[in-house]
Structures are given as C-alpha cells and as structure tokens.
Amino acid sequence: MEKKFDVIALGELLIDFTMNGQSEQGNNLFEACPGGAPCNVLAMLNKLGRKTAFVGKVGQDQFGRLLKGTLDQLSIDTSHLYMDEEVNTTLAFVHTFPDGDREFSFYRKPGADMMLREDEIDESFLKETKVFHFGTLSMTAEGVRNATKKALRLAKENGLLISFDPNLRPPLWDSLDLAKEQMEYGMQFCDILKISDNEIQFVSGKEDYDEGIQYLIDKYHIPLIVLTLGKDGSRAYYQGMRVEKPGFLQKNTVDTTGAGDCFCGSTIHYILEHGLEHLTKEQLEEMLVFANAGASLITTKKGAIRSMPEKEEILQLIG
C-alpha cells in the first residue's frame, strides 16, 4: 500500500532563542529560531526529499503562527498541528558557552506543547506513514504523555517502523527517576534508537558506552542503536556489529543546537532507503559518515529547523 508520508513525528515545536551578540548598550541579543527536536528531524528529512508530517501543539500567539508558517514553508504537513487558545507557545533560551556547548532555560509551566491530548491522536492519520518518530519531551507531563503512549501503541499495532531519540533535558522533568522510567518505556517500542553519550550513561548506569548499549540490547532487543559522541563522531550497533566513524571537525562551530537531530534525520533517511533487515558493515559506515557530516555542518549555523544542510553540501564535505 502506498503511504502518503515517509515520517510522522510527534512532540515539541518551540522557539529556541539563541544568543547573537550584544546591542550597542551591551545587552545580550537573542535570535528567535524555530526549533524542537522532532521537527528538526523532519526538517532534515525534507532536505533529503522525504515527505513528512508533524503532530503537536503550539499557542495561538505570534510564536505559534511563526512556527506553523515555518513548517508550511518547508512543506512539513501541519494538518495535525493544533493551536492552543489558552496556553502560550513553549520558549527555550539557549545559552552558548565559548566551546560551543550550551545550557537551556525553558519557559514551559505549562507550554502549549504539553497540552496535546490523547483524543487528538488520529489513527487513520498515523497509518499514512512508514516511520513514526518521537522523543521524551512529550512524556514530561501527564496529558501529552498519554497522547504519546497512544500514538506509540497505534504505531506498533499498524506495523510502523518506530524511531526514538530520548533527548534528555533534566530541567523539564519533575524527577530524574521519572525521566529514566519514560526513556525505558520508549525503548520497549523502538526499532531505531538514537542516543547520546551522556544519555546512555544516564539510562544504563554504566560508564562504558559499549556496556551501556549491550545492556539496552539485552533488555529491549532494539534492532539498530546509533550512539552520538559529540565531536568524536558516532557508533552504530546492529546484529552484533559495532561500527564507529570519527566526526568532521569544524573550525567555525557557532551553535550545536540541532546537530543530533540532523544526525537522526539522516539515519532515518538511510533506513528508509535500505531497510532495516540486512545491513552490512559497509552500509552502516556509509550511514554514519553521511550523518556525521550533516551534523558537523549544522553546527556552523544558528538554530536548527532553518539551518539543515543540503545533501550536496554534505557530499561535498565527505569529498
């Protein structure tokens, strides 16, 4: 059966305010960048020619309208992006350190993305996709958590490929125990897990990455796990194979926001192209090299949704 979409993602859509110099008065200037991990992933997939759709909620305010307009412009389907009349669009202020690392201040008590309800998850719509992608920011509060769990159940029942990026943001959880519990809930469902070095240590309780990944494989039997190691590159774990590729170092890194999402989108694209059944070591290497290059390119620009690299740029960097 021909599906209408390659990937539908559910979760947060928000404004990332990233620092962009100072005014004449010496005040910090912030740039309003459309963001939110699941949509960043879709933006990358769209650059690679995929058809995508988003399920989520923003406020009926200037930021919400800006976000909807941005997705419409990028041809990400917004038929299931809801506008909340009562609650404002979620905002995140990203403070970047000289080494390119960052910390977040969230304005989300509550934010519109937390207001997505279970009854707004439409099974007939989800059936229209090959891959369902989600994270854990939509599992931080009860209402949207129920909506996420319903979507996961439907994705499983309808045989969709499920992709998961936990994207741990400690300030947004009532407790880290709850964060861990919800990450583990998501891992029961996914076929593709994209996880970062600090997240694998957090969820497995093991210092050594390989041991942490093995713990997840033994417990959840996830077919493909990709581990991102920041500037050190990434690894793929698949059917007993462990493949590692170094990162592409950029001299002019300005903002690492969206690097993991760009990596994730590239990985999903590769699996859509080659399937998840009989991947070879060479294919896993090819997948990681492409995803590493894309992630490296986005760190040279501010923001995420509008900064995803073109396929040609990525291939050029790989050389």
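Me: Is Gln239 buried or exposed?

Reply: Gln239 is exposed, because its relative accessible area is 58%. Exposed means over 50% relative accessible area, buried under 20%, and partly exposed in between, with a 1.4 Å probe and protein chains only. This is a predicted model, in which local features need pLDDT of at least 70 and side-chain atom pairs count only at pLDDT 80 or more, while totals for chains, interfaces and linings use all residues. Residues are numbered from 1 along each chain as its sequence is written, and side-chain values use heavy atoms, with hydrogens and water left out.

Me: Where does Gln239 sit, and what is its phi?

Reply: Most residues other than glycine have a negative phi, and most peptide bonds are trans. Gln239, which is not a glycine, has a positive phi near 45°. Gln239 lies in the loop between strand S12 (234–238) and strand S13 (241–245). Helices (H or I, at least four residues) and strands (E, at least two) are DSSP runs, numbered from the N terminus.

Me: What is the phi of Ser75?

Reply: Ser75 also has a positive phi, near 65°. Ser75 is in the loop between helix H2 (62–73) and strand S5 (77–84). Ser75 counts as exposed because its relative accessible area is 55%.

Me: Which residues does a cis peptide bond join?

Reply: The cis bond joins Lys109 and Pro110, with omega about -5°. Pro110 is in the loop between strand S7 (102–107) and helix H3 (123–126).

Me: How many helices and strands does the protein have?

Reply: There are ten helices and 13 strands. The C-alpha atoms fill a box of roughly 55 × 45 × 40 Å along the principal axes. For 319 residues, a compact globule would have a radius of gyration near 20 Å, and the 18 Å of this protein agrees with that. The radius is taken over C-alpha atoms, and the globule rule is 2.2 Å times the number of residues to the power 0.38.

Me: How many of the residues of helix H1 are buried?

Reply: In helix H1 (residues 37–47), ten of the eleven residues are buried, so the helix is mostly covered. The buried residues include Ala37, Cys39, Leu42 and Leu45. Gly49 follows H1, and its phi is positive, near 85°.

Me: What does Thr52 touch?

Reply: A contact means heavy atoms within 4.5 Å. Not counting residues up to four places away in sequence, Thr52 touches several residues, among them Leu42, Leu45 and Asn46, and also Ser75. Thr52 is found in strand S4 (residues 52–59), and it counts as buried at 2% relative accessibility. The C-alpha atoms of Thr52 and Val131 are 79 residues apart along the chain and separated by 9.5 Å.

Me: Is Val203 buried or exposed, and which residues is it in contact with?

Reply: Val203 is buried, because its relative accessibility is 0%. Val203 belongs to helix H6 (residues 197–204). Leaving aside neighbours within four places in sequence, its contacts include Lys180, Met183, Ile195 and Tyr215. Val203 and Glu181 are 22 residues apart in sequence and 8.8 Å apart in space, C-alpha to C-alpha.

Me: Where is Ser138, and what does it touch?

Reply: Ser138 lies in the loop between strand S8 (129–134) and helix H4 (142–157). Beyond residues up to four places away in sequence, Ser138 touches Leu10, Gly11, Glu12, Val144, Arg145 and Thr148.

Me: How many disulfides does the structure hold?

Reply: The structure holds zero disulfides. A disulfide is a pair of cysteine sulfur atoms within 2.5 Å. The sulfur of Cys262 has its closest cysteine sulfur in Cys264, 9.9 Å away, so the distance is too far for a bond. For Cys190 the closest cysteine sulfur is likewise in Cys264, at 11 Å, again too far for a bond. Cys262 is buried at 0% relative accessible area, and Cys190 is buried at 4%.

Me: What percentage of the residues of the protein count as buried, and what percentage of contacts join residues at least 24 apart?

Reply: Of the 319 residues, 55% count as buried. Among contacts between residues at least 6 apart in sequence, 70% join residues at least 24 apart.
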